[in-house]
Each structure stands twice: as C-alpha cells, then as structure tokens.
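Subject: Structure and notes

Hello,

Here is the structure I said I would pass on. My notes are below it.

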Amino acid sequence: MQVYLTALGCRLNEAELQMWADEFRQQKISITSNIEQANLMVINTCAVTSEAARKSRQTIRKLHRKNPQAKLVVTGCYASLEKQQAEALLGVDLIVANHEKNKLPILAKELIEWNSMPYAATEPEEASLFKRNRERAFIKIQDGCRYRCTYCIVTVARGEESSRSIEDLINEIVRLESDGVKEIVLTGVHVGGYGSDLGTSLYDLVVAILARTTIPRIRFASVEPWDLHNDFFDLFKNKRLMPHMHLPIQSGSNRILRKMSRRCKSETFLALIAKARSVVPEFNVTTDIIVGFPGETEEDFSLSKKILEESEFGHVHIFSYSNREGTKAAGLPDQVEPTIKKARSQSLHQLADDYKKQVVSKMIGQTQRILWEGKAHRTEQGTYRFFGYTENYHKAFIDLQTDHDISNQDIECKILSYNDEIGALRVEALESIPFSNANSPLIIKQLA
C-alpha cells in the first residue's frame with residue numbers, strides 16, 4: 001500500500017505529517033509523492049481563517065478528482081470544526097478529529113482493510129506530499145491551548161493542552177539524528193505551554209534535549225512571548241540553540257492587545273527582546289502583526305509601526321484581520337473598513353521590508369554557520385546556486401562553479417552582501433568541505 005500525505009496551514013500540521021509518515025513506514029506502508037499511485041490519501045486541513053477553510057475544501061475535491069479510486073482521509077482543524085460539511089464532500093472516506101490524530105495511521109490502515117464506503121458514495125495545489133526535508137525535521141511537542149485569544153479559532157479546533165513526554169521526544173530526536181537530520185524545530189499549538197499537563201515546562205524539555213542528545217541545531221516554532229521567563233534566554237549560551245525565535249506580538253497597542261486577550265504588553269515584549277540580545281547580540285526575532293482589528297484607530301496603528309522600528313525584526317508576517325465565525329472578535333463593534341485595512345497592510349509591509357534590509361545589512365562581514373538545503377539551482381550565469389539558513393535564520397545563498405552537492409552540510413561562511421532581488425545573503429565558505437559526490441575535499445571558497 002502507498003500513502004500520499006499533504007497539509008495546509010501551520011508548521012504543526014507539517015510536523016504531524018512527519019509523525020504519521022514514520023508510523024506508516026513502521027507498518028511497512030510506503031509514502032509516495034505521486035497522487036495517482038496512492039491507495040490512500042491523507043490531508044491535514046486548516047481553518048484559521050474562512051479562506052483557509054475554503055482552500056481546505058478545494059484541496060479535498062482536487063485530491064479526489066486526481067485519484068477517485070484511493071481512500072481519502074481528512075483531518076485537521078477544518079475537519080474538526082466543520083465535520084458534517086467535510087463528510088459531505090465527494091470522495092471523503094474518513095474524518096479524523098484533532099483529538100484522535102494520534103490514532104490516524106491505525107484508523108487509516110483499518111479503512112483500507114475494511115474497504116468501507118465513503119461518506120458521500122456517489123459517482124465519482126496546495127502543499128505537496130510530505131517529503132521530509134533531510135536537513136530539518138519538525139517535532140510536535142504538544143497540542144491544544146488553554147488561552148482564548150479573541151480572534152483565534154485554532155484553540156477551539158485543537159482542544160485542551162496535551163504534551164508528549166520528554167522521554168518520547170528524546171527518543172524521536174535521537175532517531176532523527178541517526179537518520180541524518182541536522183536540525184529540529186520544536187512545534188505545537190502552544191509551544192510555550194509545553195508540560196502544563198505533565199508538571200514540567202519548555203525550559204525543562206530544552207535542558208533535557210541539550211543533555212541527552214547531540215543534534216547540532218535546535219529551533220522553536222512560534223512561541224507566545226508571555227510564556228518565557230527572563231532566564232529562558234540564558235539557554236542560548238549553548239551554541240546548539242539557534243539564536244532565533246518567532247514571538248508573535250500581533251499589535252503594538254496595549255489597548256488592542258487587551259481586546260485580543262493577549263497576555264503581553266508592548267513594553268514587556270521589548271524587554272524580552274533586549275534580554276535575548278544581551279545573551280546573543282545577533283539574536284533574530286520575527287513576529288506576527290494583525291492590522292485592522294476591530295476598534296483599531298490610527299493611533300493604535302502608529303504604535304504597531306513604532307514597535308517595528310524599536311524591535312528590529314528580521315521578518316514580519318502581516319495579516320489583515322478577517323472575521324472568523326465562532327470567535328469572540330467576530331462580534332466586536334467598530335469593524336475596520338476593508339480599504340483602511342488594505343492601506344495599513346501595505347504601509348506596514350513597506351516598513352517591515354525597510355527594517356529587514358537594515359537588519360541584514362548589519363550582518364555583512366560577519367561569519368555564520370549555514371546549513372545548506374536541497375538541490376542546486378542552475379543560474380543564468382552557469383553557476384550552481386545553493387540556499388540555506390544562517391544560525392539566526394536569515395536566508396543565504398552561495399554560487400559554485402562546479403556541480404558538487406553541499407546539501408545537509410553545516411559550513412562556516414562569511415557574509416559578503418545582501419541580494420534584495422532574491423531576498424538572501426550572498427556568502428562564501430571559509431572551510432574545506434568534502435562534497436557528497438566528490439572523493440576528496442574541495443575548497444568552495446575558491447569556487448564561490
């Protein structure tokens with residue numbers, strides 16, 4: 001049997017695909033990237049916005065059209081929030097709610113063995129099949145969230161917090177490293193809430209990973225800033241923790257943050273960033289900002305612009321607020337006009353881009369270890385271009401004169417310049433590296 005896996009939405013959905021792929025393989029079931037060859041298709045859906053729910057429905061229909069003979073399993077937030085609607089879609093054979101995701105490989109295998117009829121038994125591009133990046137693996141450490149931000153539907157869809165044991169996670173990390181993975185990303189719905197149900201914490205988990213594994217590079221997915229105590233950043237004195245965190249602030253206005261039921265003030269957020277950079281000066285903070293939240297005034301918006309200026313973010317994800325049925329914010333008064341939201345979004349995008357250029361320009365001349373990923377791209381000049389990420393998660397590239405494979409190599413490089421057109425730092429290597437298709441080391445600094 002062959003299984004095709006795909007997901008929309010967050011990194012957590014990708015991490016879950018990875019877990020299922022491993023479990024399917026343990027059952028001697030292979031993973032395929034070819035939809036037409038699959039006996040079983042699994043889609044991990046998203047419903048963070050109405051548009052995400054629409055794309056989930058669209059992708060479900062597309063999968064069935066491409067392979068109507070395969071069994072189709074639908075899971076994720078859309079499947080959990082809109083179960084009856086998902087069941088009614090043509091070709092859907094099984095809905096697996098979020099609270100049953102840990103059983104999905106078993107339920108899916110039973111579906112094939114039972115040869116059951118689909119829910120809608122009538123005539124019969126988004127993210128592609130999960131194919132684990134051999135350099136980086138996403139690890140789901142927990143699920144669910146105890147907080148209820150007024151704009152968020154995901155906490156409703158995912159339910160109560162549930163954490164994996166430290167022992168279980170350590171075993172997974174050790175296995176991934178033995179498979180050649182160089183970098184892990186700890187992910188979840190509420191990463192900072194890890195261990196709330198186990199009497200432990202994210203801090204304790206990181207200490208255990210550092211003590212009991214040798215994985216070279218450790219990162220975090222999005223972490224709520226209020227979950228981190230000041231001493232958390234002392235952990236980054238260990239060079240295996242990559243100096244980057246995605247800390248979503250959502251607004252620079254404390255008034256709007258209260259309306260969002262966020263548990264962080266702008267001044268507290270700035271103090272956290274200052275603490276991180278006192279430990280690692282080049283610490284890169286990325287964030288999320290929502291524009292046009294109900295009741296947002298020009299003064300509130302100006303405070304969001306101000307926090308961009310003061311924080312020196314390496315990147316900002318900017319979202320225009322949209323109503324999501326089932327959230328408290330959908331019923332709030334003073335909804336912002338679409339034209340105003342669009343103008344504010346455009347303005348903030350421009351500011352974020354300007355500040356990002358200032359941040360990366362300060363890195364020119366520095367040295368960073370870069371993990372190179374994927375295959376080389378042939379440029380118009382005939383060189384072979386690899387992309388990777390610096391320790392503090394800035395995209396970088398190197399051009400080689402010969403077609404040698406440096407993927408999954410962690411190489412010390414010097415940053416030469418920033419290429420605005422492709423949005424990446426140009427670098428040269430500072431050490432001799434044995435390429436996977438070469439019999440002896442080559443000095444790629446001379447080739448760059």
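This is a predicted model: local features need pLDDT of at least 70, side-chain atom pairs count only at pLDDT 80 or more; totals for chains, interfaces and linings use all residues.

Residues are numbered from 1 along each chain as its sequence is written, and side-chain values use heavy atoms, with hydrogens and water left out.

Helix pair

Helices (H or I, at least four residues) and strands (E, at least two) are DSSP runs, numbered from the N terminus. The axes of α10 (residues 266-279) and α11 (residues 298-311) come within 11 Å and cross at roughly 15°; axes are lines fitted to C-alpha atoms, for helices over the stretch in contact, and angles run from 0 to 180 degrees between N-to-C directions. The two helices are therefore roughly parallel, a term for angles under 35 degrees. On the α10 side, Ser266, Phe269, Leu270, Ile273 and Arg277 meet Ile307, Glu310 and Ser311 of α11, where contact means heavy atoms within 4.5 Å.

Sheet

Three strands, in the order β11-β12-β13, form an open sheet with parallel pairing; two strands pair if DSSP finds at least two bridges between them. The edges are β11 (244-246) and β13 (315-320), each pairing on one side only. Neighbouring strands are turned by 15° against each other on average, direction ignored. Between β11 and β12 (residues 284-291) there are 3 bridges, in the parallel sense. His244 has Asn284 in β12 as its bridge partner.

Regards

Key: Angles under 35 degrees count as roughly parallel, over 145 as roughly antiparallel, 65 to 115 as roughly perpendicular and the rest as oblique.
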